[in-house]
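Hi,

Here is the structure I promised to pass on. Have a look at it first, and my notes follow below.

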Amino acid sequence: MTTSYKETLHKGYGQAFDVEEVLFEQQTDSWHLIIFRNSVYGTVMALDGIIQTTERDEFVYHEMLTHVPLIAHGEAKRVLIIGGGDGGILREVCRHSTVEHVTQVEIDQAVIDMCKTYLPNHSEGAFDDPRANIVIADGVEYVNSTTDKFDVIISDCTDPVGPGEVLFSSRFYEGCKNLLNEGGVFVAQNGVPFLQQDEVITTRRRLGPYFADQSFYIAAVPTYIGGVMTLAWGSDNTELRGHDLETLNQRFKSSGIKTRYYNPQTHLGCFGLPQYLLDALEEA
């Protein structure tokens, strides 16, 4: 018998998924995790009533959170991923042959193991890439204690509720800024601004003191309902968001990467924000 899973991220509004088969479920005193099969989105993972990722549309999120900063930077050799236990960001970073080293910091090895088992297409073996260094640690503590430096830092975190909230803090942003090489880029997921506008405003205020160029870019991820999703951007190189189409085409072509969502045209357009968001950020 088919049951239903209802997302509860937004009060008074949400979405529901038919659950054809429960693959994994665990309830503790602190959280509830479920992985199930759905006829439209394939394998779906949800945590505490919030859809985290789906097999069907994960590529949109992972490609945009990865290729926009890496193509914009153009010469990234060292990359840091915070979170991202499903392996999707690591998979996309490893597609860049010019990247020599990537460190991924995940708070729980069990998350990685679980995703390898139930969402293997997310990582596609990336955890075994010789360039990958997997560190099991708290992300905030790591960025404030390591002496390593990186060209691009990608924060692939849950929404700022519960354990994920610290990855939206000033202490986390300051730690990331200190780890960036000159001209480096920091990016992070930042929710759906039509329904989560406070999150964008808070991020703008907290990121602003650390980067000469702090903004957002957008991607349309079907699972994350309520309009376009914002991805935070921070860099001291004010030119990185201004590459022309010819430059982006050249870099993308030379990368040899095959994508399903990202291309130079989407890159060029993703920094164009809707007016309601520009107005809110201006007030902030």
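**Strands and a pocket**

A three-residue hairpin links strand E4 to strand E5. This is a predicted model, where local features need pLDDT of at least 70 and side-chain atom pairs pLDDT 80 or more, while totals for chains, interfaces and linings use all residues. Residues are numbered from 1 along each chain as its sequence is written, and side-chain values use heavy atoms, leaving out hydrogens and water.

Strands here are DSSP runs of E with at least two residues, helices are runs of H or I with at least four, and both are numbered from the N terminus. Strands pair if DSSP finds at least two bridges between them.

E4 covers residues 32–38, and six of its seven residues are buried (under 20% relative accessible area, 1.4 Å probe, protein chains only). On one side, E4 runs antiparallel to E5 (residues 42–47) over six bridges, with Leu33 partnered by Leu47. E4 also pairs with E3 (residues 21–27), again antiparallel and over six bridges; there, Glu21 partners Arg37. Four residues sit between E3 and E4 in their hairpin.

Now the second largest pocket: its volume is about 220 Å³. Of its 15 lining residues, Gly74, His96, Thr98, Arg251 and Ser255 are closest to the centre. (A pocket is an open set of points on a 1 Å grid over the protein atoms alone, where a 1.4 Å probe fits, with protein on both sides within 12 Å along at least five of seven lines; lining residues have an atom within 4 Å of a point. Points join across faces, edges and corners, and volume is the space filled by probe spheres set on them.) Helix H8 (245–255) gives the largest share of the lining, four residues, and helix H1 (58–73) supplies at least two.

Cheers

Notes:
Buried means under 20% relative accessible area, exposed over 50%, partly exposed in between (1.4 Å probe, protein chains only).
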